[in-house]
Structures are given as structure tokens and as C-alpha cells.
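Here is a quick briefing for anyone opening this structure for the first time. Have a look around, then read on.

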Amino acid sequence: MADIRTIDTGPQQVTRQTEVHAPAAELFDIVADPNRHGELDGSGTVKDTVRGPDRLSTGAKFSVGMKQYGVPYKITSTVTEFVDADRHKVVEWQHPMGHTWRWEFEEKQPGLTTVTETFKYGTAKVPKMLELFKMPQKNAQGITSTLHNLAARYA
């Protein structure tokens with residue numbers, strides 16, 4: 001089982017990290033394609049209904065079918081950061097409510113990548129509402145499950 005670490009990235013942020021035995025470019029390509037987000041989702045909320053580009057870029061918008069508490073809905077997010085450098089790659093998008101999801105990939109050696117996923121909710125329109133509904137805790141569980149699944153895929 002993958003070692004998932006809790007990383008302190010500041011207040012109103014939930015960050016988890018693990019090592020994955022795959023090149024950063026390969027992992028980045030999964031997150032850079034919104035049609036593949038369902039492959040990664042460990043929360044069970046992301047569905048395969050996606051509209052948007054096949055490859056994200058800064059400013060790109062994409063819509064994803066979601067389901068929480070048994071209720072289906074659709075959100076359209078905007079990519080706020082997209083870095084495709086040689087060994088360090090980042091994809092971050094902002095939810096319509098203002099919180100962001102961030103993925104970072106840093107290839108430590110060929111075929112071994114540190115993967116970090118962060119839910120930042122301090123930028124949300126109503127961060128206290130997210131806390132009231134226990135979204136930081138729920139998203140921590142979802143992120144942990146997502147990273148376990150990703151690491152297991154390449155074990």
C-alpha cells in the first residue's frame with residue numbers, strides 16, 4: 001500500500017503526497033486531460049460526463065458531471081495554473097465557488113515522481129460553509145484514496 005503523507009501547506013488547505021513509480025509526464029498527461037479525471041477520482045463524486053478540451057491550459061474551462069449525497073450536478077472549472085516543465089509539472093483549477101484543486105508532479109529520478117494534491121478552500125466564496133459541511137475532511141479522504149489508487153496503478 002502506498003505511503004500517503006499529510007503535508008502542511010498552510011491554513012484552509014488539505015494536502016496529501018505520495019511517490020508513484022511512473023514518469024511525471026505520464027501522470028501529468030492524465031490530469032491534463034479532463035476526460036480522464038474519472039480514472040483518478042477516489043472520492044466517488046466525479047463522473048465521466050466531461051465537456052472541454054482534450055488537454056487543459058491556463059484559462060481553459062471544462063465541465064464535469066458530479067454526484068454528491070445522491071444528487072447529480074455539473075460544474076465548470078477554470079484552469080488557473082498550468083506548468084509543463086521538464087521535471088516539475090502543475091495543474092490547478094478553480095471551482096465556481098472559488099476553491100481550487102492543485103496537482104503537482106516532481107520527477108525525483110527517472111520513473112519516480114512525487115505527486116502532491118491540494119484542496120485550497122481559503123479562496124472559496126464561503127469557506128466557513130465548506131467547513132460546516134465537513135468538506136475539508138471529506139476531501140482529505142478523497143485525496144488519500146485518489147493517491148492510493150494512482151500509486152497502486154503503477155506498483
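Which residues are linked in a network of salt bridges? They are E81, E92, R102, E104 and K120, where a salt bridge means a side-chain nitrogen of Lys or Arg within 4 Å of a carboxyl oxygen of Asp or Glu. Before going further, know that this is a predicted model, in which local features need pLDDT of at least 70, side-chain atom pairs count only at pLDDT 80 or more, and totals for chains, interfaces and linings use all residues. Residues are numbered from 1 along each chain as its sequence is written, and side-chain values use heavy atoms, with hydrogens and water left out.

**The sheet**

- Eight strands make up an open sheet, and the pairing is antiparallel; going across, the order is β1-β2-β8-β7-β6-β5-β4-β3.
- On terms: helices (H or I, at least four residues) and strands (E, at least two) are DSSP runs numbered from the N terminus, and two strands pair if DSSP finds at least two bridges between them.
- β1 (5-6) and β3 (46-51) sit at the edges with a single partner strand each, so one side of each has no neighbour in the sheet.

**Strand by strand**

- β1 and β2 run antiparallel and are joined by two bridges; T6 has R16 in β2 as its bridge partner.
- Six residues lie between the strands in the hairpin of β1 and β2, and G10 there takes a positive phi near 115 degrees.
- β2 also runs antiparallel to β8, with eight bridges joining the two. Across that pairing, E19 stands opposite T114, and V14 stands opposite F119.
- β7 and β8 pair in the antiparallel sense over nine bridges. These two strands form a hairpin with two residues between them, and G111 in the turn has a positive phi of about 85 degrees.
- On to β6 (residues 88-94), which pairs with β7 (residues 100-109) over seven bridges, again in the antiparallel sense. In this pairing V91 stands opposite W103.
- Helix α4 (residues 135-153) packs on the sheet, touching β2 (13-20), β4 (61-68), β7 and β8 (112-120). Contact here means heavy atoms within 4.5 Å.
- The direction of α4 makes about 10 degrees with that of β2; axes are lines fitted to C-alpha atoms, for helices over the stretch in contact, and angles run from 0 to 180 degrees between N-to-C directions.

**What's covered up**

- β8 is mostly covered, with eight of its nine residues buried. Buried means under 20% relative accessible area, exposed means over 50%, and partly exposed is in between (1.4 Å probe, protein chains only).
- β2 is mostly covered too, with six of its eight residues buried.
- The largest nonpolar core has 37 residues, and those touching the most other members are V20, L27, W103, F105, V115 and L150. A nonpolar core is a set of buried Ala, Val, Leu, Ile, Met, Phe, Trp, Tyr and Cys residues joined through side-chain atoms within 4.5 Å.
- At least two residues of this core come from each of β2, α1 (24-32), β4, β5 (71-84), β6, β7, β8 and α4.

**Charged pairs**

- Side chains of opposite charge can pair when their charged atoms come close.
- The structure holds 13 salt bridges.
- One of them is between the side chains of R55 and D29 (3.0 Å, N to O). R55 lies in the loop between β3 and β4 and D29 in helix α1, so the pair ties together parts that are 26 residues apart in sequence.
- R55 is partly exposed at 35% relative accessibility, and D29 is partly exposed at 35%.
- E92 and R102 also meet through their side chains in a salt bridge (3.1 Å, N to O). The pair links distant parts of the chain, with E92 in strand β6 and R102 in strand β7, ten residues apart.
- Are E92 and R102 buried or exposed? E92 counts as buried at 9% relative accessibility, and R102 counts as buried at 13%.
- A further salt bridge joins the side chains of K108 and E106 (3.7 Å, N to O). K108 is partly exposed, with a relative accessible area of 47%, and E106 is partly exposed at 35%.
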